[in-house]
Amino acid sequence: MKKGYALARLLTLGFLKLFFDFKVYGQENIPSFPVLIVANHCSYLDPPIVGCAFQKEIYFVARKTLFDNFLLGKLIGYLNTIPLDRDKPEVGSFRLILDLFKKEKSILIFPEGTRSPSGTLQKAAPGVGYIAAKAKVAVLPIRIFGSFEAFPRTAKIPKPHPIRVVIGKHYWPMACPSGLSKKSYYQSVADEMMEKIASLHFDVKMDSVQKDLLV
């Protein structure tokens, strides 16, 4: 882990634990090999939340317009963020993502493509299904609880609210059924991701009966 990334993670982790009572469950499910990390998306807090749930360096896929701001673009670029145009996906971005998997890097992407306006799970975009199918890597589902209440897309500043992360078990994407078009197949792979995310649950009892695995 490069020093700048490690420092940013340490500072962000302290901020999350101080203001949001941040806890992670299921870190034992993180495999040693590279995975495509998929999570629900409700808040600007979500990328650093997932980054802090991993004790190793990961990469992030974010919308290209975030790089329009020079300083922000430099910062998130240094912190392993890959720009992707949601409206007109570029071949170069997909190739970079596939190359990172070949280098045994894990990458986070939000299947919904944008922050949920209501906090509920949204339909996945087929592009993430294309990435999973082409990369032929395992998928690791993660569900974030509390980030919408802490910092929804309509808010200008975050407010204290407990945030919990539940990490599921990795799985391999479904194979393409005979006779199914590529477009439909990619959508099915993306839909499967959201189903896996939706299956993850957090119960307040977890805080009292399960040890916080975050270190």
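Q: Does Arg164 count as buried or exposed?
A: The relative accessibility of Arg164 is 5%. This is a predicted model, in which local features need pLDDT of at least 70 and side-chain atom pairs count only at pLDDT 80 or more, while totals for chains, interfaces and linings use all residues. Residues are numbered from 1 along each chain as its sequence is written, and side-chain values use heavy atoms, with hydrogens and water left out. Buried means under 20% relative accessible area, exposed over 50% and partly exposed in between, with a 1.4 Å probe and protein chains only, so Arg164 counts as buried.

Q: In which strand is Arg164 found?
A: Helices (H or I, at least four residues) and strands (E, at least two) are DSSP runs, numbered from the N terminus. Arg164 belongs to the run of residues 164-167. That run is strand S7.

Q: Which residue forms a salt bridge with Arg164?
A: A salt bridge is a side-chain nitrogen of Lys or Arg within 4 Å of a carboxyl oxygen of Asp or Glu. In the bridge of Arg164, the closest N and O atoms are 2.8 Å apart. It links distant parts of the chain, 143 residues apart, with one partner in strand S7 and the other in the loop between H1 and strand S1 (23-25). The partner of Arg164 is Asp21.

Q: How far is the backbone oxygen of Asp21 from a polar atom of the side chain of Arg164?
A: Besides the salt bridge between Asp21 and Arg164, there is a polar contact to the backbone of Asp21. A polar contact is a pair of N or O atoms within 3.5 Å; within protein, one must be able to donate a hydrogen and the other to accept it, and residues adjacent in sequence count only if both atoms are side-chain atoms. Asp21 itself is partly exposed, at 37% relative accessibility. The distance from its backbone oxygen to the side chain of Arg164 is 2.4 Å.

Q: How many salt bridges are there, and which residue does Asp191 pair with?
A: The count comes to two salt bridges. In the bridge of Asp191, the N to O distance is 3.5 Å. This pair also links distant parts of the chain, with Asp191 in helix H7 and its partner in the loop between S5 and H5, 68 residues apart.

Q: Which elements do the buried residues of helix H5 pack against?
A: Helix H5 covers residues 126-135, and its buried residues are Val128, Gly129, Ile131, Ala132, Ala133 and Ala135. An α-helix has 3.6 residues a turn, so residues three or four places apart point the same way. The buried residues of H5 pack against strand S2 (35-39), helix H4 (91-102), strand S5 (107-109), strand S6 (138-145) and helix H7 (182-198).

Q: What is the phi of Asn80?
A: Most residues other than glycine have a negative phi. Asn80 has a positive one and sits in the loop between helix H3 (70-78) and strand S4 (81-84). Asn80 is buried, at a relative accessible area of 5%. Its phi is near 70 degrees.

Q: What is the phi of Glu104?
A: Glu104 lies in the loop between H4 and S5. Glu104 is exposed, with a relative accessible area of 63%. Its phi is positive, near 65 degrees.

Q: Which residue has its backbone oxygen 3.5 Å from a polar atom of the side chain of His41?
A: His41 is in the loop between S2 and helix H2 (46-53). His41 is buried, with a relative accessible area of 11%. Contact means heavy atoms within 4.5 Å, and, not counting residues up to four places away in sequence, the residues that His41 touches include Asp46, Phe110 and Arg115. The backbone oxygen at 3.5 Å belongs to Ser43.

Q: What radius of gyration does the protein chain have?
A: The radius of gyration is taken over C-alpha atoms, and the globule rule is 2.2 Å times the number of residues to the power 0.38. With 215 residues, a compact globule would come near 17 Å. The chain agrees with this, at 17 Å.
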